[in-house]
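Student: I have this model open and would like a close look at a single part of it. Could you take me through the place where the two chains touch, and then show me what lies around it in each chain?

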Amino acid sequence: MTSSSTPDRRGAAVALRAAWSINAQGFLAVLLLPWLVLSFALVVVWVGLPLLAVTLSGVRALSGWQRRLAGRVLGTSTSRPYREIERQGLLNDLGVRLADSATYRDLLWFFVTATFGLALGIVALVFFIILPLGVLASPVMVRTFLTVGSRVLQRSDTEAMAVRIGELSSSRAETVDSQAAEIRRIERDLHDGAQARLVALSMNLGLAEQMVEKDPDLSRELIAESRQSASVALTDLRALVRGIHPPVLADRGLVGGLQALALAAPLTVDVDVVMVGRVPAPVESAVYFAVAEALTNAAKHSRARSAWIWLRHSDDRPGGGRLSVTVGDAGIGGAVATPGGGLHGIERRLAAFDGTMTVASPAGGPTVISMELPCVLSSEKI
Amino acid sequence: MRVVIGEDLALLRDGLIRLLRAHGFEVVAAVDNGPGLLRALVEHRPDVGIVDVRLPPTFTDEGLRAAIEARNQVPGLPILVLSQYVEQLYARELLAGGQGGIGYLLKDRISDLDQFVDSIRRVAAGGTAMDPEVIAALLARPHAAEPLAGLTPRETEVLGLMAEGRSNAAIAGRMFITEKAVGKYTAAIFAKLDLPVSEDDNRRVLAVIKYLDQ
């Protein structure tokens with residue numbers, strides 16, 4: 001009997017504390033309710049707008065508390081179900097909130113809390129006083145209330161999926177766009193570069209062949225010219241290949257690739273890269289080019305004399321491994337990701353792999369660009 | 001002069017063999033993969049090994065690794081590495097042993113036959129032959145690290161040409177100065193890089209190594 005009564009008693013203690021919290025939440029909701037009604041009423045004369053923003057923030061904070069409480073008592077995970085606000089500003093802020101279905105779920109549960117929740121909390125507390133009824137019934141009541149609450153307050157699976165699909169569609173569209181642009185660039189480079197030079201080369205050789213007896217001097221000159229074109233064509237092709245898939249990356253993987261980048265950069269670069277195994281080739285390539293871009297930026301704009309690259313891979317999280325890369329310089333700072341700029345390019349490259357980039361670059365420096373992307377290492381040796 | 005060739009593309013391998021024979025070299029072995037290359041280099045101990053970076057079975061830097069391993073087993077074994085592209089990282093690895101007898105050139109350079117043959121002989125004699133592209137990348141760094149910062153621009157230019165493997169006479173020709181002036185520059189470079197007094201060839205190699213390590 002004692003062994004089974006222990007968890008019961010603990011469950012009852014948790015429920016008792018939760019009942020107190022529910023009561024407190026109910027009281028808070030009752031206090032907030034008139035302000036909410038007032039601000040809605042005043043929206044017609046504009047002064048309601050800032051008031052509404054404040055009260056909605058209150059509601060949101062209360063909902064956050066409720067989600068955390070439910071998560072703790074029920075042992076479930078909690079997440080913020082709200083849409084991201086991208087631009088600052090009171091009206092914009094309010095607009096996004098009013099268009100967010102999570103706001104209305106918050107309000108629905110807010111009214112339930114202000115009425116039924118408060119009542120339930122009081123009843124549960126009263127039951128606890130008339131033991132043993134409370135020990136049996138109150139935990140059930142509290143848990144049921146919290147379960148329903150967390151259902152209402154969490155984003156539904158369908159909604160979460162819709163948001164995810166939206167993210168994937170836009171990152172896919174960007175990937176396809178940038179790939180198409182990349183292929184066009186390669187085609188143009190080949191057409192105007194190596195291809196054109198090979199045409200000139202074969203023309204010269206043809207002419208030299210004809211002239212070899214009539215005018216040996218001219219043919220010698222033509223052959224020398226052809227050799228020149230061949231070597232320029234090779235230089236063009238080398239540059240192009242480096243832009244598509246750097247050979248050193250194929251040879252040595254990301255670790256060697258980043259070391260080579262550091263050596264080739266026009267500033268002194270410290271490399272601190274630790275990774276056992278190799279990441280998938282597309283990720284290698286994305287990270288390589290992202291770091292290359294970051295270093296180019298540092299060399300061009302930061303006025304720094306040195307920079308550093310730091311890379312680690314961790315797979316201790318349940319959701320799989322994560323690759324973290326940071327590129328920093330001790331320059332003048334002030335770097336921002338402008339559309340079409342180099343930093344924006346990095347962001348786009350990484351988004352295709354669900355990766356993110358953050359830039360910390362206060363005026364006066366230093367600039368630190370942090371990139372994170374989910375990926376699993378293969379056991380293949382470097 | 002006995003040569004071992006490691007090149008997997010038949011077209012290039014046959015071309016190289018033909019070219020080398022025409023210039024009086026003896027090709028004792030021509031292999032097309034990394035493990036075979038290592039064996040051939042260690043077994044034949046050629047006067048110079050001419051090696052492609054990318055070889056089967058992995059088609060990565062198999063040739064480079066075989067060359068470095070061969071030099072571990074046979075210290076100072078002269079190797080000329082050829083590649084479609086040059087990487088400073090690899091140049092440093094090749095010179096990491098602190099010994100000469102190392103060349104690292106783009107395959108394009110073969111087309112200038114006189115210079116290519118000259119490079120082979122220089123490497124065989126224990127000198128260095130670094131591709132101008134490696135040197136150019138080094139010169140492009142505006143903020144060179146400390147030990148080389150003391151060099152004047154002219155001295156840096158001389159050092160770059162030295163790394164390419166040019167003789168004092170050739171450097172003089174390139175820079176339109178007298179050979180004596182080149183001698184003065186090299187003496188200044190050796191002094192500034194704090195290189196011990198020894199035979200000139202060895203000091204040249206050490207200077208190049210310092211240069212590439214910056």
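Tutor: Happy to! Two residues are counted as in contact if their C-beta atoms, placed from the backbone, lie within 7 Å. Please keep in mind that this is a predicted model.

The C-alpha trace of chain B spans about 45 × 30 × 30 Å along its principal axes, and 44% of its 214 residues are buried. If you take the contacts in chain B between residues at least 6 apart in sequence, 62% of them join residues at least 24 apart. One backbone detail deserves a stop: the peptide bond from B:Pro56 to B:Pro57 is cis, and its omega is near 5°. You will find B:Pro57 in the loop that runs between β3 (48–52) and α3 (62–73) of chain B.

Now over to chain A, and a pair of its helices. The axes of α8 (residues 247–264) and α9 (residues 281–302) of chain A come within 10 Å and cross at roughly 20°. Angles under 35 degrees count as roughly parallel, and α8(A) and α9(A) are therefore roughly parallel to each other. Their crossing is left-handed. From α8(A), the residues making this contact include A:Leu249, A:Gly253 and A:Leu254, while α9(A) contributes, among others, A:Val287, A:Tyr288 and A:Val291. By class, the contact of α8(A) with α9(A) has 9 nonpolar, 3 polar and 1 charged residues.

Follow the chain on from α9 and you come to A:Arg303, in the loop between α9 and β2 (306–314) of chain A. A:Arg303 is not a glycine, yet its phi is positive, at about 65°. This residue is partly exposed, with 14 other C-beta atoms within 10 Å. A:Asp354 also has a positive phi without being glycine, with a value near 65°. Its place is the loop between α10 (342–351) and β4 (356–360) of chain A, and A:Asp354 is partly exposed, with 13 other C-beta atoms within 10 Å.

Methods
Residues numbered from 1 in each chain as written. Chains lettered and ligands numbered in written order. Predicted model: local features only at pLDDT ≥ 70, side-chain atom pairs only at ≥ 80, totals over all residues. Axes fitted to C-alpha atoms, helices over the stretch in contact; angles between N-to-C directions. Helix = DSSP H or I, 4+ residues; strand = E, 2+ residues; numbered from the N terminus. Parallel < 35°, antiparallel > 145°, perpendicular 65-115°, else oblique. Left-handed = near helix turned anticlockwise from the far one by under 90°. Nonpolar A, V, L, I, M, F, W, Y, C, P; charged D, E, K, R; others polar. Buried ≥ 20, exposed ≤ 12 C-beta atoms within 10 Å, placed from the backbone.
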